[in-house]
Amino acid sequence: MEGWCDALNWFSQNAEQVLQELNVDPKQGLSDAEIQSRLEKYGENKLKGKKKKSLAALFFAQLKDMLIYVLLGAAVITLLIGEYADAIIILLVVLLNAVIGVFQEFKAEKAIEALQKMTTPRALVRRNGAVVEIDSKEIVPGDIVVLDAGRYIPADLRLTESANLQIEESALTGESVPSEKHAARLFEDPKTPLGDLANMAFMSTLVTYGRAEGVVVGTGMNTEIGKIAKGLDETQTDLTPLQKRLAGLGKTLGYLAIGICVLIFIIALIQRRDLFEMFLTAISLAVAAIPEGLPAIVAIVLALGVTRMSKINAIVKRLPAVETLGSVNIICSDKTGTLTQNKMTVLHVYTHRKFLDVPSEGTATAAESTQKKLIQTMVLCNDATLDDGEGTGDPTEIALVVLGNKYHFPKRELEATHERVAERPFDSDRKLMSTVNKEGDHYRVHTKGAFDSILKIATHALVNGEKVPLTDDLKADFLRAAEEMSDQALRVLGAAYKDSDEVVEPDQMENDLTILGLVGMIDPPRLEVKDAIRQAKEAGITPVMITGDHQHTAAAIAMQLGMAESLDQSISGSQLDAMSDDELKQKINHYRVFSRVSPEHKVKIVNAFRSHGNIVSMTGDGVNDAPSLKNADIGVAMGITGTDVSKGASDMILTDDNFTTIVAAIREGRNIYNNIKKSVVFLLSCNLGEIVAILASVLFFWPMPLLPTQILWINLITDTFPAIALGVDPGDNDVMKKKPRNPKESFFAGGAAFRAIIGGLLIGILTLVAFYFGLNEHGYQLWSGAIPEDVLTYAETMAFVVLAVSQLFYSLSMRSATHSILHVGLFSNKYLIGAIILGIILQFAVISIPILAGAFHVQMLTLRDWIIVIAFALVPLVINELIKRFTRSANN
């Protein structure tokens, strides 16, 4: 979209000019009315992809299949020889298959669009004077964007403020080394390369360090990345490993069908049968051998499963993750926000030999000057905001702002009189953050962070308002207080400061500090997590905690939740550093808590667990968590606290940041895989039954019990609807009482192949028995010659009904490989009951409505024969249920 946003060289103007040009106050941001006006003018902030396929294109894409070509060829041949009814039925089957395929693809596309909306990157913007988090597509030119480490740049920005800002711009420049940015720089040359524009930040690049603010100067296709991305469509539709295995199975069945067709023609020549009739028989056999609905059914079951998972707060980004979830046996989880409530609350403030208990509600007054200084440091060395009880930022920092409010040191008022002039942002290596603020006529460095990190760089301590050298006794005193709070599962943060006559450079901020004291805070465990951990253990899954917190704090929470039994099962990051990779691999299975870890440790932990053949799920929310999320079998990002980078590297996103959701997703993943397996085994059983009936008739020179059109009808109606209904089965209630599935195990493991063969043989044999009964009622045998047309039609009708209805009833038995249908609940899958009733009604319609009966070469049965065919149709179901019962008895 053209406009003033791309007409100016923003990098050649200073920040004040840019803000004036865009008509925005950086302290207030845009108003609601201005936002709406600009949104209408410039549109949503998103890149345009390729045009979607039309319905016609989707329809013709469904016809690009070898089986469809065979069916179309059969239709042409039947037309040429005057078998118009058969030709119309074959063409209708092809048409119906294509329409179902288009509908499924359309639904899948809509599901993907819905998931993409849920995973839209978020951005912090200042609007109406407050910092709010919004979907990046809602950003408009003139918006004031707040940047911090781990966020993608949501649009093209002219930086207005920056502090130690570094941005990785490989998406634009190909250079992976982050570029340093400075808001105050100006560039006069209009042809300055993008990589040199230090006062600009571009869409889709990544903040790796520092913080900044910028004003939006380009959105959507009007950005630098938009110019590159024209015509680009990032949607990926790779087949999952399961779908690839099933495609391979389909090919094998296809070759088998061709082999059988050749065999039929050879037999026909030997037996001197009618070659055209045998051609149609061969077509029937090809249709019977290949479960043509299989890929579509698997795709729709996966899509429905993913949609169902999104409703339990688990957004699956990559379909293979659904399959892998069922095999997970190690869950490595963050503590904060995932196992706990992510509502940090400061309980204690400690200065030298003085504990201050913080009230849970209301306000209080700090009696001692050191306590006041400590609280001020915690509030000023802080990037969180708190407006009307709603906090933005890190939960630990929000808790410290709340602490300030309780003791009458509100952040806004403190910042108004103690302006921040420099800073050194937190990073996971130092475990510290420092700011420089004005303090009257001089400056004060405020530092907060892990207390052991502060001890390493402090030289003094404030004792009773006096600055004294930090002796070993003082260190021991502070460490005792820290240990005491850690034993109560409190998170401990230290605070220190130093005064200076001038602004201190970042690399000089964190030395010669004076310790003020400690605060102890707690993030209470989520109430529902303890039960989820018990479920995980029952399911053969080992939950493991990985946290940056103190070892005692982490172990106390883990023991409270039932993840660990003693402190011996915990290990710290420094202890991990002292171990070799081989030593860690040998001891890894002993540990349940990893404390004080850096993102680099996470990769080591994941690799150590995986070296034992474990399937590992790893949670993460930070920029540096990306490698461990990639290394894990299932990378899980936090939807609330997670950075855009962690979400990008993950396979699944938790929209509620809750450990319970991981366990629920694993349950869902196991059930989805089991449901697909049920559908596949059911389809193969049905197809095998059809092959048995036709092949036996050819080999023994019996009349054909089924016509091609009849088999097409059964494959389309009788197979497909129950198969889809099995795919959305509620699942096994005991699925989380079983061990995780081995990802290398055969698709037909656990007796699935045996069930498919038994089911197929029973369905095929009973179809032939029904055919025999139909002939025998009229005084003919299978080997009789010159059987009248009406007698043959009647016998075919009995075989046709038994084949169809036996498959419908047999689908009930497929719901569980071990439990009876009464134990599972006969009506617990209403979709399956509906599919069976619909199938029987349609089957009745085909043989009772004259025009359909004529087309399918069938006729109405007597009441006696209806009773016989229903009795035959129930046999596979009854025998399969008896096999289950004997199997259970043998195992008990």
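Trainee: How many disulfides does the structure hold?
Mentor: Look for a pair of cysteine sulfur atoms within 2.5 Å, as that's what counts as a disulfide. By that rule, the number of disulfides in this structure is zero.

Trainee: What kind of model is this?
Mentor: Residues are numbered from 1 along each chain as its sequence is written, and side-chain values use heavy atoms, with hydrogens and water left out. Local features need pLDDT of at least 70, side-chain atom pairs count only at pLDDT 80 or more, and totals for chains, interfaces and linings use all residues; what you have is a predicted model.

Trainee: Is Cys 332 buried or exposed?
Mentor: Buried means under 20% relative accessible area, exposed over 50%, and partly exposed in between (1.4 Å probe, protein chains only). Cys 686 has 0% and counts as buried. Cys 332 has a relative accessible area of 0%, so it's buried.

Trainee: Where is His 182, and which residues does it contact beyond its sequence neighbours?
Mentor: His 182 sits in the loop between strand E5 (179-180) and strand E6 (200-201); strands here are DSSP runs of E with at least two residues, helices are runs of H or I with at least four, and both are numbered from the N terminus. Its relative accessible area is 37%, so it's partly exposed. Its C-alpha is 5.3 Å from that of Asn 199, 17 residues apart along the chain. With contact meaning heavy atoms within 4.5 Å, and neighbours within four places set aside, His 182 touches Ser 162, Ala 198 and Asn 199.

Trainee: Which strands stand at the edges of the eight-strand sheet?
Mentor: This open sheet runs E8-E26-E25-E24-E9-E21-E23-E22 with mixed pairing, where two strands pair if DSSP finds at least two bridges between them. Two strands have a single partner each, so one side of each lacks a neighbour in the sheet: E8 (314-316) and E22 (570-572).

Trainee: In E24, what is the bridge partner of Ile 330?
Mentor: Strand E9 (residues 330-334) pairs with strand E24 (residues 616-620) in the parallel sense, over three bridges. Within E24, the partner of Ile 330 is Val 616.

Trainee: At about how many degrees does helix H19 run to E23?
Mentor: Axes are lines fitted to C-alpha atoms, for helices over the stretch in contact, and angles run from 0 to 180 degrees between N-to-C directions. H19 (residues 551-561) lies across E21 (542-546), E22 and E23 (593-595), and its angle to E23 is about 155 degrees.
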